[in-house]
Amino acid sequence: MSPADRKYTREHEWIKVEDAATNRALVGITEYAQDQLGDVVYFDLPQAGVSVRAMQKMGEVESVKAVSDLYSPVSGQVIEVNSGLIDHPEMVNEDPFEKGWIMRVTMSDATEMDRLMSPEDYEAYIAGL
Amino acid sequence: MTPDAHFQSHYIPNTEQEQAEMLATLGLKSLDELFLDISDQYRNPFLDLPAPRSEQEIHRELSSLASRNRPLNSGPSFLGAGSYHHFVPSVVKAIMTRGEFLTAYTPYQPEVSQGTLQVIYEFQTLIGNLYGMEVANAGMYDGATSLAEAVLMACRVTHRQQIVVSERVAPAYQQVIRTYAQAQGIEIRTVGDWEPEVNANTACLVVQYPNFFGEIEDLSRHRQATRQQGALLVVSADPMAMGLFNPPGHYDADIVTGEGQSLGIPTSYGGPYLGLFTTKGQYIRQMPSRLVGKTVDTQGRTGYVLTLQTREQHIRRERATSNICTNEALYALAATIYLAATGKQGLRQVAELCYHKAHYAAARIKQLAGYWLPFAGTFFQEFVVQCPADPATINRRLLEQNILGGLDISQPPYRSPLPPGVDRGMLLCVTEMNTREDIDALVSALGEFSQ
Amino acid sequence: MNKGGNRDTTRLLMERSVPGRVGAVIPPLDLPAQPMPDPALLRSQLDLPEVSEPEVVQYFTNLSQLNFSIDTHFYPLGSCTMKYNPKVNDEMAFLPGFANIHPLQPAATSQGALELLHRLQGFLTEVTGMAGISMATLAGAHGELAGVLMIRAYHQGRGDTRRTRMAIPDSAHGTNPASAAMAGFDVVTLPSDQNGNVNLEALHQLAGPDLAGAMITLPSTLGLFDANIVEVCRVVHEAGGLVYGDGANLNALLGRVKLGQLGFDVAHLNLHKTFSTPHGGGGPGAGPVCCGESLIPYLAAPVVSQSGDGGYLLVTPEHSIGKIGGFHGNFGVLVRAYTYIRTLGAAGLKAISGNAVLNANYIMAALKDIYHLPYDRRCMHEVVFSADWQKDRGVSGLEVAKRLLDYGFHAPTMYFPLIVPEALMIEPTESETRETLDAFIQTLREIDREVTEDPDLVRHAPHTTPVSRLDEARAARQPDLRWRRPV
């Protein structure tokens with residue numbers, strides 16, 4: 001189900017802390033999101049160095065039949081985006097929690113994660129949708 | 001309220017008996033009962049329309065209306081200005097009117113629309129080649145709206161809200177750009193000397209090729225100026241001229257649009273026509289309208305589908321690249337058939353005929369006293385002539401001899417871009433449809449006004 | 001089925017091309033050749049096919065046979081009104097006096113065309129109960145854009161610049177919000193109530209000084225006549241807004257009600273739906289815009305008027321939103337619509353709506369026991385089922401639709417409107433026989449049996465079409481939009 005080592009947003013993004021000392025975190029979309037989207041064909045992602053704000057739109061993901069906004073779960077700065085998604089956007093369908101990661105950020109305020117859902121809360125949330 | 005009297009139309013199979021049986025399955029007795037959601041106050045209004053007619057009577061009525069119009073091929077005709085009298089080979093209509101093409105819908109179910117889809121893929125290929133551009137879409141409404149959408153796209157791509165339009169773009173096209181752009185707060189500067197106007201706030205420079213007055217402008221200058229400022233070069237180009245001249249892609253234009261009517265589509269009083277829209281590969285996600293892509297089916301066979309549909313209104317709704325839905329697919333088919341039949345050699349030959357005939361006409365008219373040509377540069381099939389008398393008067397006299405003269409450009413909205421001395425201008429167009437006799441008759445008739 | 005040789009459709013024009021083949025003979029130059037321009041201006045390469053005329057005919061004819069079309073297959077596409085396209089309409093449009101006239105030729109030489117347009121203006125305003133009309137718009141969405149631009153101009157003309165919002169139902173066709181956005185409006189969504197009507201309470205909430213208007217489709221995209229429509233118009237008017245009517249579904253209303261009388265201020269028509277002009281694989285269409293008295297000055301240019309001496313001419317309305325197309329509208333399509341209305345008259349138009357609605361209800365009644373009807377009430381010219389009872393058995397609406405192709409029926413409209421899950425929207429039209437409707441009903445019953453007894457057959461449909469399910473993800477991930485010469 002939803003991996004225990006991360007937090008979740010209502011817009012179906014996940015965030016996992018990689019290194020608490022440097023506030024470095026990894027962001028992606030969930031299994032539920034990729035299933036809803038269908039075959040993903042394209043990502044429109046921010047560039048490295050760009051600032052992001054919590055729950056503000058930072059990009060888009062397109063599938064054959066839909067387009068969805070991507071929201072950053074936290075505020076901070078983008079360190080890098082997963083360039084493999086340019087040529088192989090389907091990685092996000094195959095492995096949304098690991099190989100299909102979307103961006104790596106430096107959080108400006110790690111306490112913002114407290115506002116996000118735990119894996120159990122997220123599971124309950126998607127069950128109700 | 002009187003009940004529905006039964007009307008048996010030849011387009012509606014259900015007989016009164018069949019209707020009664022079908023109504024009975026619904027527990028109803030009359031067609032009117034199907035409409036009771038509409039309150040009595042508004043239901044069954046009187047429709048004041050002429051009584052229905054048999055096909056025989058329809059033929060007579062429509063033929064009578066049609067006979068009160070002067071078709072272009074009923075006598076020498078020299079009118080262009082965005083709609084051109086070119087020859088349409090018989091294969092175009094023969095194929096276009098096949099029911100499988102004519103009465104098919106937009107190819108949203110690709111498995112049963114490979115005919116339409118493959119034709120559009122061919123169209124995208126040939127139009128791309130014609131304009132020297134990487135990618136073409138499946139068509140737009142017409143040349144004017146295609147250019148307007150190119151402007152909107154340039155603003156999206158550059159994130160700038162100002163455009164510079166050459167005043168030598170067709171006035172009708174300028175007006176359509178204004179209608180589209182105003183609502184989005186895009187600032188339009190229409191100028192004669194565009195060079196000083198292009199700056200770091202300019203999304204694009206819009207020019208026409210050949211321009212409205214028929215001249216071939218030097219697109220390399222346009223490209224240099226826009227490149228320096230990070231602005232896009234948007235060119236509206238006549239596809240027939242592309243049979244002869246370097247296409248805008250040769251000059252690295254960013255978006256090239258045009259009117260496809262010259263490619264196998266009759267003038268038809270202004271429509272339906274065919275908007276052409278091409279651009280560079282890097283901009284495909286910002287293109288409006290449909291795109292057909294090649295792929296494979298579950299058995300590895302090649303097939304074609306509508307693709308990158310996430311740009312379009314049915315998915316992206318208010319964030320779509322455009323609201324366009326129905327476009328001009330049947331006429332994209334016509335243009336594809338035309339280009340296939342006319343072919344590489346034929347299109348060049350047709351373009352050369354237009355060129356030589358137009359230049360012959362210009363040379364002969366130049367020799368008439370009182371007539372002169374204000375523009376000395378290269379032209380294709382259209383040119384401006386300053387007349388010794390009011391062009392409207394000249395045209396009336398020409399019509400008496402069953403000659404349709406050129407466009408009277410002595411009045412707004414055509415007058416202002418012309419030099420001050422060109423106050424009795426006429427825009428003449430000569431195509432492969434004009435014979436030497438036609439042109440000599442025109443020259444002779446114009447000569448009557450020589451001073 | 002591969003026929004081999006050049007009647008095989010798999011090779012493209014540029015692949016068939018053989019240098020030296022010609023497909024047309026161009027006349028020789030009949031006057032002295034003129035000096036050519038600077039060679040640097042001339043192109044040196046022109047990549048177009050070199051094929052003979054028989055090849056052109058064989059290739060395109062065989063391609064055509066890969067298509068489903070109204071002439072060959074029942075095409076119950078909801079909201080598209082795939083009715084019979086009368087051949088006389090095409091014949092009339094091809095008359096040289098209509099096909100070979102130039103849009104800019106003097107009015108004295110095109111009085112027949114102008115009179116036809118003037119009469120058609122009258123017919124369409126009569127049918128809709130409106131006061132004015134412009135036929136310059138080239139498709140339905142084009143008409144929508146013109147209509148919302150007219151609303152914008154109207155408010156600005158009164159000095160009211162606060163009206164920035166356009167209310168649009170959640171069931172609306174995508175062109176509605178797209179057009180509103182193109183006209184610079186912010187789109188606010190109007191939810192539907194449980195009967196499929198506009199949620200009046202929600203409308204009251206939105207009805208304020210910032211509301212420019214509402215865009216309403218009637219009957220709705222669910223195929224339902226909103227019994228509160230007069231109230232909807234009244235609420236919007238009371239708030240100072242205008243009501244735009246999307247006329248895509250007019251086939252249900254011909255001769256039954258006039259939009260103008262219900263309170264619509266401006267509406268577009270789709271001549272390629274209601275008025276039988278052919279779809280052509282995706283156009284051309286025509287989307288004339290009708291309006292009430294107060295909006296007449298804002299209509300798109302040009303409009304056909306009659307002068308004192310009885311002659312016809314093109315005019316620009318006083319406060320026109322401007323030109324919205326290169327010339328005067330899709331004249332060839334307008335000729336077809338004129339011919340159609342002249343053929344049918346009022347009685348014929350009323351027979352259209354009566355039979356279109358009868359046929360849709362007949363199908364609804366015959367299938368509602370096995371296909372879920374989310375709104376179980378009288379429908380109009382189209383019926384929306386949800387395939388969720390099939391989804392429960394592991395087969396989606398899309399798969400049911402694809403299986404219909406194997407039986408020789410074009411699929412209904414799928415997944416629209418968005419508010420119905422697994423939506424299948426069926427619009428038979430009035431020009432289909434009862435035998436066809438019965439065959440369609442039997443087929444859908446058969447497919448439902450297959451969903452239970454042989455679901456994989458349905459899931460992997462279609463099986464008998466020229467190509468099977470296509471890889472759309474690949475087409476979008478690796479766009480191949482044109483043929484390229486192999487290097």
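Which helices of chain C do the buried residues of α2(B) pack against? I found four: α3 (87–94), α4 (96–99), α5 (111–128) and α11 of chain C.

Ground rules before I go on. This is a predicted model, in which local features need pLDDT of at least 70, side-chain atom pairs count only at pLDDT 80 or more, and totals for chains, interfaces and linings use all residues. Residues are numbered from 1 along each chain as its sequence is written, while chains are lettered from A and ligands numbered from 1 in the order in which they are written.

**Entry: helix α2 of chain B**

I checked the span of α2(B), residues 55–67, and its 13 residues reach 18 Å from first C-alpha to last, close to the 18 Å expected at 1.5 Å a residue. The expected span is 1.5 Å times one less than the number of residues. Helices here are DSSP runs of H or I with at least four residues, strands are runs of E with at least two, and both are numbered from the N terminus.

I listed Ile58(B), Leu62(B), Leu65(B) and Ala66(B) as the buried residues of α2(B). Buried means 20 or more other C-beta atoms within 10 Å of a residue's own, exposed means 12 or fewer, and partly exposed is in between, with C-beta atoms placed from the backbone. Looking down the axis of α2(B), I saw its buried residues fall within an arc of 100 degrees, so they line one face of the helix. That arc is taken over the directions from the helix axis to the C-beta atoms. On the other side of α2(B), I noted Gln56(B), Glu57(B), Arg60(B) and Ser64(B) as exposed.

Contact means that the C-beta atoms of two residues, placed from the backbone, lie within 7 Å. Nonpolar covers Ala, Val, Leu, Ile, Met, Phe, Trp, Tyr, Cys and Pro; charged covers Asp, Glu, Lys and Arg; the others, Gly among them, are polar.

I then turned to chain A, where four residues of chain C are in contact with five residues of chain A. The chain C side there has two nonpolar, no polar and two charged residues.

**Entry: the core**

I followed the largest nonpolar core, which has 330 residues. Such a core is a set of buried Ala, Val, Leu, Ile, Met, Phe, Trp, Tyr and Cys residues joined through C-beta atoms within 7 Å. Val151(B) and Met150(C) are among the residues with the most contacts inside this core. Helix α10 of chain B (residues 329–366) supplies its largest share, 23 residues.

Leaving aside neighbours within four places in sequence, I found Val151(B) in contact with residues including Ile163(B), Tyr180(B), Cys204(B) and Val234(B).

**Entry: Tyr251(B)**

I placed Tyr251(B) in the loop between β5 (232–237) and β6 (255–259) of chain B. Tyr251(B) is partly exposed, because 19 other C-beta atoms lie within 10 Å. Beyond its neighbours within four places in sequence, Tyr251(B) is in contact with Leu219(B), Ser220(B) and Arg223(B).

**Entry: chain B overall**

I counted 12 helices and 12 strands in chain B. Of its 451 residues, 60% count as buried.
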